[in-house]
Amino acid sequence: MLAREFGSLVPGNALKWKALRSDRGVWTFDVPDQMVEFAEQNGMRVKGHTLAWSKESSYPNWFLMLTRAEQLVAIRDHIQAVVGRYAGRITAWDVWNEAMANDGSGLLGGVSEDDIADAFRWAREADPDVVLLYNDYKIAGSGRKSDDVFAMLQRLVAIGAPVDGVGFQMHANLADAPPSATEIAANMARYEGLGLNVTISEMDVRIADLAGTTDERLEAQANYYRDVVGVCLAAPNCLGVTFWGFTDRYSWIDARHGAADPLLFDENLAATPAYFGVDRKSVV
């Protein structure tokens, strides 16, 4: 089903630090290797997720015991090893994930913009042709965090950091009034003015808390999927849409928040109205 319905895949967890290097000297590439091989056998592209993160919980314990200077060396070595291993096979990377605070207080975890710029440079050295992205949530529409990330990327572009684009995570809850199609289109346009591409990088749409009948909630979900995908298709700098999973049977949303039916296929792998709400032939 994955190969039939989609044109690309993203290993959701298998390329993160804890999966690859739970022990400092031991690399575990078995699962991502299998996923990349599956993609190649089925004519699919692969995006890597993610090379660096500002959340301490995303790193193994041995990394957290290093000094800051040692951590930066470890990040450099990690990026060069992982990007180099898949050079020419993985077409895009989320280089740095979720570095910006939600409340306007700046970068998280003692990270500097120079650190982020260096990470992009190290990734570019390891694979000169791969697309390099910054990835974050609550930045698809308007708001303080969205503006903060845009300003940071504007500065990184100005100093020549090899940033190719930005990923808008789209973990949407329709009961919380997520960004409108108009807001998302305007944001994509300002990134186009900056010379950067955009992806919808982690889309799922929760409807459990939305008022209305089941049919009404599913229709609203289908309409939101259609509108967001339509914005990407209309934007010259939007590279594509990644759904964060494709069946409710294995959704992280259901595991964390309870049944929310966020994806294009239900627990029985049957297509939901959301599936028919997107132009699937044009979406990756």
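A cavity here is a set of points, on a 1 Å grid over the protein atoms alone, where a 1.4 Å probe fits but cannot get out, and its lining residues have an atom within 4 Å of a point. Keep that in mind for the first item.

This is a predicted model, in which local features need pLDDT of at least 70 and side-chain atom pairs count only at pLDDT 80 or more, while totals for chains, interfaces and linings use all residues. Residues are numbered from 1 along each chain as its sequence is written, and side-chain values use heavy atoms, with hydrogens and water left out.

Cavities, then. There are two of 30 Å³ or more. Strand 2 gives the most, four residues; strands are DSSP runs of E, at least two residues, and helices are runs of H or I, at least four, both numbered from the N terminus.

Next, a pocket, meaning an open set of points with protein on both sides within 12 Å along at least five of seven lines. The second largest pocket has a volume of about 270 Å³. Of its 17 lining residues, Arg45, Lys47, Ala92, Thr199 and Leu239 lie nearest the centre. Strand 8 supplies the largest share of that lining, four residues.

On to the rings. The structure holds 15 aromatic pairs, counted when ring centres of Phe, Tyr or Trp (its six-membered ring) lie within 6.5 Å; planes under 30 degrees apart are stacked, over 60 edge-to-face, the rest tilted. Take phenylalanine 265 and tyrosine 275: their centres are 5.0 Å apart and their planes at 55 degrees, so the pair is tilted. Phenylalanine 265 sits in the loop between helix 10 (252–257) and helix 11 (273–277), and tyrosine 275 in helix 11. Both are buried, that is, under 20% relative accessible area with a 1.4 Å probe and protein chains only; exposed is over 50%, and partly exposed is in between.

Last, glycine 43. Where is glycine 43 placed? In the loop between helix 3 (30–41) and strand 2 (45–53). Glycine 43 is exposed, at 66% relative accessible area. Its C-alpha atom is 7.4 Å from that of glycine 7, 36 residues apart along the chain.

Technical notes
Grid points are joined across faces, edges and corners, and a volume is the space filled by probe spheres set on the points.
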